[in-house]
Structures are given as C-alpha cells and as structure tokens.
Amino acid sequence: MRAVKMSPVIEVLKQGRHFAVIAHVSPDGDVIGSCLALANFLWDQGKTVDLYCDDAPPENLAFLQGIQNFIKPGEKIETKENFTYDAVVCLDCSDEGRLGDAAYLLKRASCTINIDHHATNTMYADINIVEPGASSTAELVFELIREMDEDYFSMPVYEAIYSGIATDTGGFGFSNTTPAAHRIAAQLIEYGLNVDKLTRLLFRNTTLPRVRLLAKALASLEMHCNDRVAFLTVSKAMLEEIGLEENHTDGIVNYGIDIVGVECAALFKEAEQGKTKVSLRTKGTVDASVLAAKFGGGGHVRAAGCLISAGIEKAKEQVLEALKAMLE
Ligand SMILES: [Mn+2]
C-alpha cells in the first residue's frame, strides 16, 4: 500500500537535481537521522542537497555522516534571487510551524514534499506522505530509499536510519515500536550494523558534569502523597557549581517515575526571572497533559511540561496541590 503512495515522491527525486531537506526546530534523533539518510542517499546519486535546521542537532548524533552540513535558514543559497529548488522535503514536521525560519523555503520550490508519522500532520505540502502507523519518519525514509534503489548499500545511511528508529522508539521500548521497526533493524544488522557501538553513542555516553548534576538532583528527591509522587530539583546554584548549562537535564525526571509505586514525577528547574520550568512524567491514572494544562503548559498523557511564574518552592506547592486533587 505504501509502495503506491511513495511513487510521486520518487518521481520528483529522480527528475530533480537541487533539493532542500528541512528538519524541525529542536531537532531529535528521528528528524536528524531521517534528513541525513535522505541527504547522503541523494548525494550518492550525484544530486545537490542543502540541509536546513533552525537549531543545532543533539550532540550525541555528531558521529552521523554529513551532520556538519546542516545550515540555518538564511545562511546560504536562497539569498540568490530567483533561485528555486526542484523540491523541498520536510521530514518529521507535523506542521509549517515546526519548520521555524525555514518555512519560507516552501515558496522557493517547484514542489514541496512532507514525509511524517505524526497523526496531527496538517498536510501542508504538494505531496504528503503521512503514516501515523510508522514508528518513526526514519522508517518511512528507509522504505523510500529501498524503493528507489533496491541494491543501494551505505553504512552511514543505515546508521542514520537506525539512529532515527532507535531514538524515536526509546530503544525499541515505547508503544510506537512496530514489527516494521524491528524488521528494519534486523535487516540493518544483517547488513553489518554495529548495534553495540550505536547504543553507546545514542543512549549511553554521558559526561562527568552531567553525572555530577544527576547526583545532586537525586539527592534532592522529595516524596509526597504516600510515595505516589516524586519531586526532583535542579537549581541554578547546582548548575553553576558544576559548570553546566540549563538544557542538560534530559532524562533526570525519569529516575523519579521509574520508582515502583510512583504515579507522577516532576523535575523543577529554576528558570529566568524567578520562574520555574516543570517536566512531568506519569504512569497510572494521572494525565500529565491535564496537569500541565492547569499551569498553561501541555504535552502528552505520560510526558508534559509547563513554566510556572513562581520560585521553585512555590511552584512545588502549586503542583502538589493540583496533584492531590487528581490522585483522590
Ligand atoms: Mn519522529
């Protein structure tokens, strides 16, 4: 079924010569892996590809071939008047807002292509390949490449595909892990992909300052509501002492939600102007997005976030009060 849908994309990519490939703002492993897989494949076909992303790719993906080629919108070719890409390909972007400053490139293309797996996709392109049943956009890019050239072999492309699938499925652990995701991974391993190496690069490697911050955050653990709620704290003082930047707190909140019996975990991070950034994780009956919405935030059932205009202690009181009502 998908084979039929891919054909208009294949037609455009075969005919064209100059392409732009766009990653969404705050890029993750799926979008960077997808963009690099497609770009490397097209470069190998002798095509020109400009890779755009508003923000810098995550550091753990630095090993992927071609990652240094990402440019910010406005940095390059579009400054030439009248330049038009044969196609602009948006990957893993559910709507035009996700393109950030690169959105204007949609007007600099003979054809726009949107390949994604988000059910909320707004179908903003000329050709829209949207498969909510796919584990990741990388899964769709793999199918596209296979269909364009059955015999194509490139380990850098396979590593990019694997990185996309593995990160979007949380190491093949989230509910979006499909049989297709495993089948593609199996195929890539048959081709000689080094799973051990990629697991270390994608998920395991950390730095000494990050481990020191984790130690401080874990030491801050507070339990509430008969141990059904876990609060963790990262203050500016902690970050300054260690010499780390604010955005290096990914994953800390999971230590709270992983505790057996905990139904909601929250990480309170001291932000600018006396505000507090709250990351929420839940299991059981609490809906993290409902809790976040009470404070003007949002997200998903199991993971959400909000920014509270109060210091850490006041923010904790407010979240705890809201949680007590939800846990009753
Ligand atoms: Mn994705």
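Trainee: What should I know before I start?
Mentor: The model is predicted: local features need pLDDT of at least 70, side-chain atom pairs count only at pLDDT 80 or more, and totals for chains, interfaces and linings use all residues. Residues are numbered from 1 along each chain as its sequence is written.

Trainee: Into which domains is the protein divided?
Mentor: Domain bounds come from an automatic or database domain assignment. Here they give domain 1 (2–204) and domain 2 (209–327). Their centres, taken over C-alpha atoms, are separated by 32 Å.

Trainee: How do I read a sheet?
Mentor: Strands of a sheet pair through backbone hydrogen bonds, either parallel or antiparallel. Two strands pair if DSSP finds at least two bridges between them. Strands (E, at least two residues) and helices (H or I, at least four) are DSSP runs, numbered from the N terminus.

Trainee: Which strand order has the sheet with parallel pairing?
Mentor: That open sheet of six strands runs E3-E2-E1-E4-E5-E6. Strands E3 (70–71) and E6 (127–130) are its edges, each pairing on one side only. E1 (residues 18–22) and E2 (residues 48–52) share five bridges in the parallel sense. Phe 19 stands opposite Val 49 in E2.

Trainee: And which order has the sheet with mixed pairing?
Mentor: E7-E8-E9-E10-E12-E11, again an open sheet of six strands. E7 (222–224) and E11 (298–299) are the edge strands. E9 (residues 264–270) and E10 (residues 276–282) run antiparallel, joined by seven bridges. Leu 267 faces Ser 279 in E10.

Trainee: Which residues touch the most other members of the largest nonpolar core?
Mentor: First, the term. A nonpolar core is a set of buried Ala, Val, Leu, Ile, Met, Phe, Trp, Tyr and Cys residues joined through C-beta atoms within 7 Å. Buried means 20 or more other C-beta atoms within 10 Å of the residue's own; exposed means 12 or fewer; partly exposed lies in between; C-beta atoms are placed from the backbone. In this core of 60 residues, the answer is Val 21, Ile 22, Val 89, Leu 91, Val 141 and Ile 161. Helix H2 (residues 29–44) gives the most to this core, with nine residues. Apart from it lies another core of 30 residues, including Phe 231 and Leu 291.

Trainee: Is Tyr 104 buried or exposed?
Mentor: Exposed, because Tyr 104 has 12 C-beta neighbours inside 10 Å. Tyr 104 sits in the loop between strand E4 (87–91) and strand E5 (112–116). Its C-alpha atom is 8.9 Å from that of Pro 73, 31 residues apart along the chain.
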